[in-house]
Amino acid sequence: MSAADPVSESVPDALSEALNASSGNGSEALNATVRFTATPEGTALAYGSLLFMALMPIFFGALRSVRCSRSKWCGEEAEEDPGSRNGGEMPETITSRDAARFPIIASCTLFGLYLFFKVFSQEYINLLLSLYFFVLGVLALSHTISPLVASVLPASFPNNPYQLLFTQGTGEDKEEILNYEFDTKSLVCLVLSSVVGVWYLFKKHWIANNLFGLAFALNGVELLHLNNVSTGCILLGGLFVYDVFWVFGTNVMVTVAKSFEAPIKLVFPQDLLEKGLGASNFAMLGLGDIVIPGIFIALLLRFDVSLKKNTRTYFYTSFVAYIFGLVLTIFIMHTFKHAQPALLYLVPACVGFPVVVALLKGELTEMFRYEEETSEEAGPDSEAEKKDQ
């Protein structure tokens, strides 16, 4: 996968890698906290907060994905000028081939991390991962907060344009390697995000972790687009099997979840009421359990928009289904006192509910015929070619 915006460059690639490692292990880590003694109030607050945090990137990421789909470029500047690439991030389209390969890639990545933690020192691996995710987290958070920063800054704010240009060679042999245009607002976002990054890098505080995790999740839902519902079913179905196998069939996911120190999960302390912000008994939810269903929910919102009926039936149906699936995961986990792969419950809910609604409304065929353009087809250059033709 590719990206275009240096303030969020490599975000889709980073998200894919993070999802490969975290899809499913979040629910594993979430369930690992059951063995600790926590008050009913603390447990309810922790899981309620995780549920709320999981819903935020899905809801707002889906809305931003609609704007991305319309303008073909994502970001604050792209929203103001759909034809501008300045500060824009082109959405990455997932095809059926990508969806079929994703569970295999995810399994190889997960098992590779497992071997790394078995062979090499966990301390050094996590140090490298911290530096890696520090950079990616700053870029992702910058992209996430850019619309908010733009709305807060006064109109008189001097928003000067800049250009970063790298070339290779001279004369006719000169080759452009990097040509990025940005402005002062982008620099403000980068500075603010860097403050959070330094906080996370040195303190590993759970709030800093969550800010990065929310940024990764929101960017994933916004920038990763399924090209049709069938592709979504292939992706979710494959990861359904992946999640069940690695949680119930082996201890690989448990080991990686306990060893992997990176903002690829949302956390909330169950002892917050007793210890305040210094609490350390965490409940956790992996980003994979947010982004994977989230990109399918975002697709259904774009399908709702394509129907031009001024309703969001399928979006709200799948959104409620996600809530139902996640609550069911937590309930079964506490009932059986055993780790539960969240996608085991999220996938049937998020796919089944909308399909049943479409069947009742007589729009099932229309839903599965809905198709979005791939990244290559959706670019501004291709649009210009179509106009010339």
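## Salt bridges

A salt bridge here is a side-chain nitrogen of Lys or Arg within 4 Å of a carboxyl oxygen of Asp or Glu. By that rule, this predicted model holds 6 salt bridges. Side chains of opposite charge can pair when their charged atoms come close.

Let's start with Glu372 and Arg302, whose side chains meet at 2.5 Å, N to O. Glu372 sits in the loop between helix H15 (364-369) and helix H16 (375-378), while Arg302 belongs to helix H12 (residues 288-307), so this pair ties together parts that are 70 residues apart in sequence. Both Glu372 and Arg302 are buried.

Lys309 and Glu363 form another salt bridge, at 2.4 Å, N to O. Because Lys309 is in the loop between H12 and helix H13 (313-336) and Glu363 is in the loop between helix H14 (343-361) and H15, the pair ties together parts that are 54 residues apart in sequence. Salt bridges with shared partners join Lys309, Lys361 and Glu363 into one network. Lys309 has a relative accessible area of 44%, so Lys309 is partly exposed; Glu363, at 6%, counts as buried.

One more pair to look at is Lys275 with Asp271, which meet at 3.6 Å, N to O. Lys275 counts as exposed because its relative accessibility is 54%, whereas Asp271 is buried, with a relative accessible area of 9%.

## The chain as a whole

Stepping back, the chain contains 17 helices and 6 strands. Of its 389 residues, 54% count as buried. The accessible surface comes to about 17700 Å², and carbon and sulfur atoms account for 63% of that area.

Contacts across the sequence are worth a look too. Among those between residues at least 6 apart in sequence, 76% join residues at least 24 apart.

Ser107 counts as buried because its relative accessibility is 18%, under the 20% cut-off. Leaving aside neighbours within four places in sequence, Ser107 is in contact with Tyr242 and Trp246.

Phe116, at 45% relative accessibility, counts as partly exposed. Together with Val119 and Phe120, Phe116 forms a nonpolar patch on the surface, and the three have about 330 Å² of accessible area together.

## Aromatic rings

Ring pairs link Phe59, Phe60, Phe315, Tyr316 and Phe319 into a cluster.

A charge also sits over a ring: Lys204 lies over the face of Tyr200, at 5.1 Å from the ring centre.

Terms used: Residues numbered from 1 in each chain as written. Predicted model: local features only at pLDDT ≥ 70, side-chain atom pairs only at ≥ 80, totals over all residues. Heavy atoms only, no water. Phe/Tyr/Trp six-rings, centres within 6.5 Å; stacked < 30°, edge-to-face > 60°. Lys NZ or Arg CZ within 6 Å of the ring centre and 35° of its normal. Helix = DSSP H or I, 4+ residues; strand = E, 2+ residues; numbered from the N terminus. Buried < 20%, exposed > 50% of the residue type's maximum accessible area, 1.4 Å probe, protein only. Contact = heavy atoms within 4.5 Å. Areas by Shrake-Rupley, 256 points an atom, 1.4 Å probe, with all protein chains shown as cover. Patch = residues over 30% accessible without salt bridge, like charges linked within 9 Å, V, L, I, M, F, W, Y side chains within 5 Å.
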